[in-house]
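Work through the exercises below with the structure open beside you. Each task is followed by a solution in steps.

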Amino acid sequence: MAGVAAAGASAPWEQRWLLPLAVAALVLVLQRVSLRYASLLGLLFGLGFTLALTAWMRAVGTDAWLLLSPVVAAYYALAAVGIVLVSRLRGWPWWTACVWVTVEAAVSAWPLGGFPWTRLAWATVDTPFALWLPWVGAAGVSFLVALTGATLAWILREGKARPAGAVVAIVAALLVGSLPVLFRPESLTSSWEADRPTVTVATVQGDVPGAGNDLVAFHEQVTENHVRATVDLAQRVRSGAVPRPDFVLWPENSTAVDPFRDAQTNAGITRAVTAIGVPVLVGAIVDGPRPDAVLNQGLVWLPDGSTEERYTKRHPVPFGEYVPFRSQLSELKIGRLDMIPRDMIAGTRTRPLDIAGTRVADLICFDVAFDDSVTAQIENGGQMVTVQTSNATFTGTAQLQQQFTISRARAMETGRTVVVASTNGISGVIGPDGTVRDQLAPRTTDIAVAQVPLIDAQTPAVRYGSLIRRALSLAGIAALVTAAAAAARRRLPRLRRLAAGVRAK
């Protein structure tokens with residue numbers, strides 16, 4: 001139940017208060033159990049957490065959902081073993097939190113690029129924990145949540161015997177919670193933001209016909225929807241109804257065919273860009289360098305027809321956008337593999353896009369959950385963030401809200417405005433403080449026009465976030481090694497006595 005409670009902090013339930021309680025519950029049930037039993041309890045926690053959190057994957061296939069969940073749950077089995085090991089160390093709540101961050105770092109990186117969707121930090125938006133995002137980043141916030149849960153477990157377990165320590169822990173928690181309220185990075189202060197130059201961005205949500213979840217079947221109409229919406233926007237600009245944008249943002253898969261090879265698609269985009277007269281950041285599927293490869297790109301389409309500035313999705317989804325070990329798996333005659341005839345190649349760009357003089361950190365869908373996709377572009381001068389996403393497959397599921405919440409967390413972490421464009425929702429504008437400043441209704445064709453402040457200052461999370469993540473992970477590994485060595489030393493005399501007894505017989 002603790003794993004299900006942890007998932008309950010995220011959409012669609014959004015009971016944020018459950019998050020540290022779920023960690024506390026797991027830590028309590030792991031007290032004084034064997035490592036083998038701990039791994040079983042951790043696996044059950046991970047299954048409850050992942051199955052509930054990612055139930056939206058059933059839109060892709062129940063098999064994918066049931067295959068992914070045990071893989072992720074196995075990491076929580078390892079986390080449980082680690083928690084039991086470090087529970088014998090002095091200050092074990094601290095080391096428990098370090099172990100948690102270590103496990104989150106591992107599941108976010110391996111296998112097949114990792115799955116960072118289950119990080120505790122994502123569910124802290126709209127809580128006091130989220131105020132720490134611009135200071136310590138997602139890894140640091142996950143640490144604070146895990147530390148709070150472990151400390152709560154310590155209070156429940158030992159508070160009566162050590163009331164002074166319990167009081168100190170509570171006071172320390174209150175002080176830590178109040179610090180980000182009293183001190184804020186300058187990029188998140190509204191007065192400082194008001195003095196910055198701005199850029200006007202128009203976000204187009206074209207919608208997907210039918211049930212809204214089969215973009216490929218209606219891809220021509222999807223592109224035409226975005227073209228018409230942009231042409232309509234141009235007419236409204238000329239009439240003075242809305243301000244002229246500096247650039248227009250289209251979502252991922254606003255064209256599902258290569259616009260450089262498909263004449264109809266190319267003509268439609270050209271018509272839209274010519275009408276509005278400013279660059280359009282087009283989400284396009286582009287043929288790769290070989291026949292069996294494809295690229296998922298954000299193309300800066302200029303009014304003169306050039307598209308020199310491009311961002312390629314850095315983290316394609318395994319078994320969704322490419323097939324790992326295709327040659328080996330093809331021998332098994334798995335029909336689902338035929339649904340992905342071409343493998344998507346991962347991008348490597350770390351520089352923001354230059355769009356009409358604005359340095360834009362672009363992310364495509366799954367990229368938003370990965371630290372390297374975001375921070376590298378901000379470190380290299382990104383002044384705002386755009387998220388191009390499709391989400392059509394997950395229409396009607398919690399995936400839309402979960403991804404939008406991650407985008408809100410990234411806004412706070414980077415101190416940047418995040419503009420999200422989705423084919424049929426959720427599209428919107430998120431301020432640097434994580435507040436939603438505009439949001440379009442799902443399953444509609446609509447446009448959001450917003451003035452976005454251009455921010456150059458970097459939050460501490462951007463400057464030091466990777467260092468914080470590595471330090472906490474290394475601390476977790478060091479604690480595990482120390483605890484394992486101590487456990488081995490305790491077992492050694494017992495093994496010697498057993499050996500002596502056997503020889504005596």
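A crossing of two helices is called left-handed if the near helix is turned anticlockwise from the far one by less than a right angle, and right-handed if it is turned clockwise. The model used here is a predicted one.

**Exercise 1. Two helices**

Task: Describe how helix α9 and helix α10 pack against each other.

Solution. 
Step 1. Find the elements: α9 covers residues 219-239 and α10 covers residues 263-276.
Step 2. Look at the axes, which come within 8 Å and cross at roughly 15°.
Step 3. Angles under 35 degrees count as roughly parallel, so α9 is roughly parallel to α10.
Step 4. Apply the definition of handedness: the crossing of α9 and α10 is left-handed.
Step 5. List the residues in contact. On α9 they include Glu220, Val227, Leu233 and Arg238; on α10 they include Gln264, Ile269, Arg271 and Ile276.
Step 6. Sort the residues of this contact by type: 9 are nonpolar, 5 polar and 4 charged.

**Exercise 2. A buried pair**

Task: Which residue forms a salt bridge with Lys313, and which parts of the chain does the pair tie together?

Solution. 
Step 1. Recall that side chains of opposite charge can pair when their charged atoms come close.
Step 2. The partner of Lys313 is Glu252, with the closest N and O atoms 3.9 Å apart. A salt bridge requires such atoms within 4 Å.
Step 3. Check accessibility, where buried means under 20% relative accessible area. Lys313 is buried at 1%, and Glu252 is buried at 4%.

**Exercise 3. Partly exposed pairs**

Task: Are Arg290 and Asp292 buried or exposed, or in between, and how far apart are their closest N and O atoms?

Solution. 
Step 1. The salt bridge of Arg290 with Asp292 has its closest N and O atoms 2.7 Å apart.
Step 2. Arg290 has a relative accessible area of 41% and is partly exposed; Asp292, with 38%, is partly exposed.
Step 3. Turn to another pair: Asp433 forms a salt bridge with Arg437, at 3.9 Å between the closest N and O atoms. Asp433 is partly exposed at 26%, and Arg437 is partly exposed at 43%.
Step 4. Salt bridges can also share partners, and here they join Arg119, Asp371, Arg410, Glu413 and Arg469 into one network.
Step 5. For the whole structure, the search finds 21 salt bridges.

How values were computed
Residues are numbered from 1 along each chain as its sequence is written. This is a predicted model: local features need pLDDT of at least 70, side-chain atom pairs count only at pLDDT 80 or more; totals for chains, interfaces and linings use all residues. Side-chain values use heavy atoms; hydrogens and water are left out. Axes are lines fitted to C-alpha atoms, for helices over the stretch in contact, and angles run from 0 to 180 degrees between N-to-C directions. Helices (H or I, at least four residues) and strands (E, at least two) are DSSP runs, numbered from the N terminus. Angles under 35 degrees count as roughly parallel, over 145 as roughly antiparallel, 65 to 115 as roughly perpendicular and the rest as oblique. Contact means heavy atoms within 4.5 Å. Ala, Val, Leu, Ile, Met, Phe, Trp, Tyr, Cys and Pro count as nonpolar, Asp, Glu, Lys and Arg as charged, and the others, Gly among them, as polar. A salt bridge is a side-chain nitrogen of Lys or Arg within 4 Å of a carboxyl oxygen of Asp or Glu. Buried means under 20% relative accessible area, exposed over 50%, partly exposed in between (1.4 Å probe, protein chains only).
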